[in-house]
Amino acid sequence: MLIAGFPAGAWGTNCYLVAPAAGEECVIIDPGHEAARGVEETIAKHRLKPVAVVLTHGHLDHVASVVPVCGAHGVPAWIHPEDRYMMSDPEKALGMSIGQQLMGGLTVGEPDDVRELTDGSALSLAGLELTVSHAPGHTKGSVTFRLPETAEIPPVLFSGDLLFAGSIGRTDLPGGSHAEILESLARVCLPLDDSTVVLSGHGPQTTIGRERATNPYLREVARGLGADTTAPRRGL
């Protein structure tokens, strides 16, 4: 299994390329702001052939390079229907005042082929099986992608901006909900094995076991209480 990731753009959004091995087909997760060059360098380094882009949610810092990346390789982009509008209207997704500050000279939109994700579905792409879980709270259409354990690696959760090392996604932008993100954490993250590696939208990798023990939000959710809202949050 090959998982190659790098932080991209002004917000340091993690973009991941996932393949069964070097020299094979791959899936690209969250090619965000200024990610296209890093994507091409990673493809060349590992001799990969992209077959799809999959998106954890529609915020600009996760989707800004979708059009050039999909166009360069003739591949579809997968996104949850509740976040699809964000690719074409990022200012509505972020709130006008925030959007104007962040947009700069970027031009965004939908690639030619957009496909919609559904909760509980299994995407069979590039010889991989990614299990999709709808996880609203950061946005209405946030999802996670899960890879099963293999002989080579433990299970992996691509958590987007749901769960970070030591924190969770912000909920103060349009479509965000504190109650929904807590429910998503309880339903999507808590049932996972402690060995599950968490590769999030921002920051370093972690594990479910580490977050269960140390993350103030996940600890409070596990105890069935309201989370500590004074702890800092991350994500655009």
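Arg84, Glu110 and Glu116 are linked in a network of salt bridges, a salt bridge being a side-chain nitrogen of Lys or Arg within 4 Å of a carboxyl oxygen of Asp or Glu. The model is predicted, so local features need pLDDT of at least 70 and side-chain atom pairs count only at pLDDT 80 or more, whereas totals for chains, interfaces and linings use all residues. Residues are numbered from 1 along each chain as its sequence is written, and side-chain values use heavy atoms, without hydrogens and water.

**Exercise 1.** Describe the salt bridge of Arg84 and Glu110 and state where its partners lie.

*Solution.* Step 1: the N to O distance of this pair is 2.8 Å. Step 2: Arg84 lies in the loop between β5 (77–79) and α4 (90–94), and Glu110 in the loop between α5 (96–103) and β6 (114–116); helices (H or I, at least four residues) and strands (E, at least two) are DSSP runs numbered from the N terminus. Step 3: the partners are 26 residues apart, and the pair links distant parts of the chain.

**Exercise 2.** Determine the relative accessible area of Arg84 and of Glu110.

*Solution.* The value is 26% for Arg84 and 32% for Glu110. Each is classed as partly exposed, the class between buried (under 20% relative accessible area) and exposed (over 50%), with a 1.4 Å probe and protein chains only.

**Exercise 3.** Locate the partners of the salt bridge between Lys140 and Glu180.

*Solution.* Step 1: their side chains meet at 3.3 Å, N to O. Step 2: Lys140 is in the loop between β8 (128–134) and β9 (143–147), while Glu180 is in helix α6 (residues 178–189), 40 residues apart.
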